Amino acid sequence: MIIKGYNGIMDLDLTNIPKQFHKELIDLHYKDIDDYKKEQDNLKPHLRYENTILKAFNRMIINNNILKKKFI
């Protein structure tokens with residue numbers, strides 16, 4: 001059982017966790033996501049995750065696609 005993460009928050013994998021702890025871990029996971037969103041809102045736009053890491057990652061994907069088309 002995997003709970004989806006958000007941008008800089010990785011997915012929560014509950015595969016080997018006893019069921020008695022699932023609810024607490026899921027609640028903490030969603031609280032972490034809310035805290036992360038609030039923290040990102042307080043940053044200047046050029047320092048936010050979506051404007052730094054995601055922007056570079058998307059450029060990398062575009063460049064890789066161009067290279068694939070060029071060499072195919």
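User: Which side chain has a polar atom 3.4 Å from the backbone oxygen of Leu14?

Analyst: That's the side chain of His22. We call this a polar contact (a pair of N or O atoms within 3.5 Å; within protein, one must be able to donate a hydrogen and the other to accept it, and residues adjacent in sequence count only if both atoms are side-chain atoms). Before we go on: this is a predicted model, where local features need pLDDT of at least 70 and side-chain atom pairs count only at pLDDT 80 or more, while totals for chains, interfaces and linings use all residues. Residues are numbered from 1 along each chain as its sequence is written, and side-chain values use heavy atoms, with hydrogens and water left out.

User: Where does His22 lie, and is His22 buried or exposed?

Analyst: His22 lies in helix H1. Helices (H or I, at least four residues) and strands (E, at least two) are DSSP runs, numbered from the N terminus. His22 counts as buried because its relative accessibility is 10%. The scale runs like this: buried is under 20% relative accessible area, exposed is over 50%, and partly exposed is in between (1.4 Å probe, protein chains only).

User: Which backbone atom lies 2.7 Å from a polar atom of the side chain of Gln40?

Analyst: The backbone nitrogen of Tyr49 does. Gln40 is another residue of helix H1, and with a relative accessible area of 10%, Gln40 is buried.

User: On to charges. How many salt bridges are there?

Analyst: Here's the general idea: side chains of opposite charge can pair when their charged atoms come close. The rule asks for a side-chain nitrogen of Lys or Arg within 4 Å of a carboxyl oxygen of Asp or Glu. By that rule, this model has two salt bridges. One joins the side chains of Lys23 and Asp27, at 3.0 Å from N to O. The other joins the side chains of Lys31 and Asp35, at 2.9 Å from N to O.

User: How many residues apart are Lys23 and Asp27 in the helix?

Analyst: Four, which is about one turn of helix H1 (residues 22-42). Lys31 and Asp35 are also four residues apart in H1, again about one turn.

User: Where is the kink in H2 centred?

Analyst: On Lys55, where H2 has a kink of about 30°. The bend is the angle between axes fitted to the seven residues ending there and the seven starting there.

User: Which residues form the nonpolar patch on the surface?

Analyst: Phe57, Met60 and Ile61, with about 270 Å² of accessible area together. Areas come from the Shrake-Rupley method with a 1.4 Å probe, and for residues only the protein chains shown count as cover. Patch residues have over 30% relative accessible area and no salt bridge: like charges are joined within 9 Å, nonpolar side chains (Val, Leu, Ile, Met, Phe, Trp, Tyr) within 5 Å. Take Ile61: it sits in helix H2 (residues 49-71) and is partly exposed, with a relative accessible area of 35%.

User: What is phi of Asn7 near?

Analyst: Near 40°, a positive value in a residue other than glycine. You'll find Asn7 in the loop between S1 and S2, where Asn7 is partly exposed at 32% relative accessible area.
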